[in-house]
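Hi everyone, thanks for making the time today.

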Amino acid sequence: MTLNIVLVEPQIPQNTGNIARTCSVTGARLHIVKPMGFSIDDKKLKRAGLDYWGELDITYYESLSDFYTKNSGACYYFTTKARHNYCDVAYPDNCYLFFGREDAGLPEELLKQNPDSCVRIPMRKNIRSLNLSNSVAIGVYEALRQWDFPELEEKGNLARLSWDDTTES
Ligand SMILES: C[S@@+](CC[C@H](N)C(=O)[O-])C[C@H]1O[C@@H](n2cnc3c(N)ncnc32)[C@H](O)[C@@H]1O
């Protein structure tokens with residue numbers, strides 16, 4: 001099973017670093033649509049992603065049309081302006097989860113063209129939005145949960161870890 005994350009014009013390097021780490025940990029592919037608000041060798045980007053960059057399957061695109069020319073598959077657009085709950089979608093293999101830039105979200109035109117594929121993560125009323133990297137983590141783990149976490153640690157197999165193995169950072 002393949003999961004794809006598409007970041008459209010990300011602006012904050014720490015968010016992209018966190019997302020790179022989530023993709024690396026889960027095996028999701030990362031697609032980044034330029035322009036970005038930082039350079040690829042930004043120290044803050046690398047620091048947030050720590051040493052996970054080597055494990056990452058990442059592709060850059062010059063524009064959204066460049067992305068659509070090179071990829072095909074079911075696309076879901078994560079936005080606060082959606083009717084559907086992100087958990088009500090049955091995510092198919094090789095689908096693409098799109099996320100927008102931190103200040104402006106996904107392009108309105110894209111959302112208007114794909115109203116049935118727009119999904120939202122529930123929030124309290126009158127709150128603007130979740131953080132981009134948190135939204136990605138929520139979306140990634142919902143798709144993986146539906147697929148029963150393919151190629152990740154098996155459920156019920158966590159007991160194999162001893163406390164000595166579980167040092168986290
Ligand atoms: C900081 S938010 C952008 C906020 C922007 N003002 C907006 O209203 O779209 C960055 C991205 O995180 C995702 N996001 C944040 N909160 C979300 C929610 N409740 N449901 C779905 N996606 C969300 C979307 O992809 C959004 O484009």
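Let's start at a proline. Pro35 is found in the loop between strand 2 and helix 2, and that helix covers residues 43-49. One thing to keep in mind as we go: this is a predicted model. The peptide bond from Lys34 to Pro35 is cis, with omega near 5°. You'll find Phe149 in the segment after helix 5. Why point these two out? Most residues other than glycine have a negative phi, and most peptide bonds are trans.

In what order do the strands of the open sheet come? There are seven of them, in the order 3-2-1-6-4-7-5, and the pairing is parallel. Strand 3 (58-61) and strand 5 (84-85) stand at the edges with a single partner strand each, so one side of each has no neighbour in the sheet.

Let's zoom in on one pair. Strand 1, residues 3-8, runs parallel to strand 2, residues 29-33, and five bridges join them. As an example, Val8 has Val33 as its bridge partner in strand 2.

Now for the helices that lie on these strands. Helix 1, residues 13-26, lies across strand 1 and strand 2, and runs at about 150° to strand 2. Helix 5 lies across strand 1, strand 4 (75-78) and strand 6 (95-99), at about 160° to strand 1.

Finally, the ligand. How many residues surround the ligand? The answer is 20, and the closest are Phe78, Gly100, Ile121, Leu130 and Ser135. By class, this shell has nine nonpolar, six polar and five charged residues.

A ligand nitrogen is 3.4 Å from a polar backbone atom of Thr79. For Leu130, a polar backbone atom is 3.0 Å from a ligand nitrogen. With Ser135 the side chain takes part: an N or O atom there is 3.2 Å from a nitrogen of the ligand. Taken alone, the ligand exposes 560 Å², and the protein buries 91% of that. The elements giving two or more residues to the shell are strand 7 (118-120) and helix 5 (132-146).

Definitions and conventions
Residues numbered from 1 in each chain as written. Predicted model: local features only at pLDDT ≥ 70, side-chain atom pairs only at ≥ 80, totals over all residues. Heavy atoms only, no water. Near = heavy atom within 4 Å. Polar contact = N/O pair within 3.5 Å; in protein donor to acceptor, adjacent residues only side chain to side chain. Areas by Shrake-Rupley, 256 points an atom, 1.4 Å probe, with all protein chains shown as cover. Helix = DSSP H or I, 4+ residues; strand = E, 2+ residues; numbered from the N terminus. Nonpolar A, V, L, I, M, F, W, Y, C, P; charged D, E, K, R; others polar. Pairing = 2+ DSSP bridges. Contact = heavy atoms within 4.5 Å. Axes fitted to C-alpha atoms, helices over the stretch in contact; angles between N-to-C directions.
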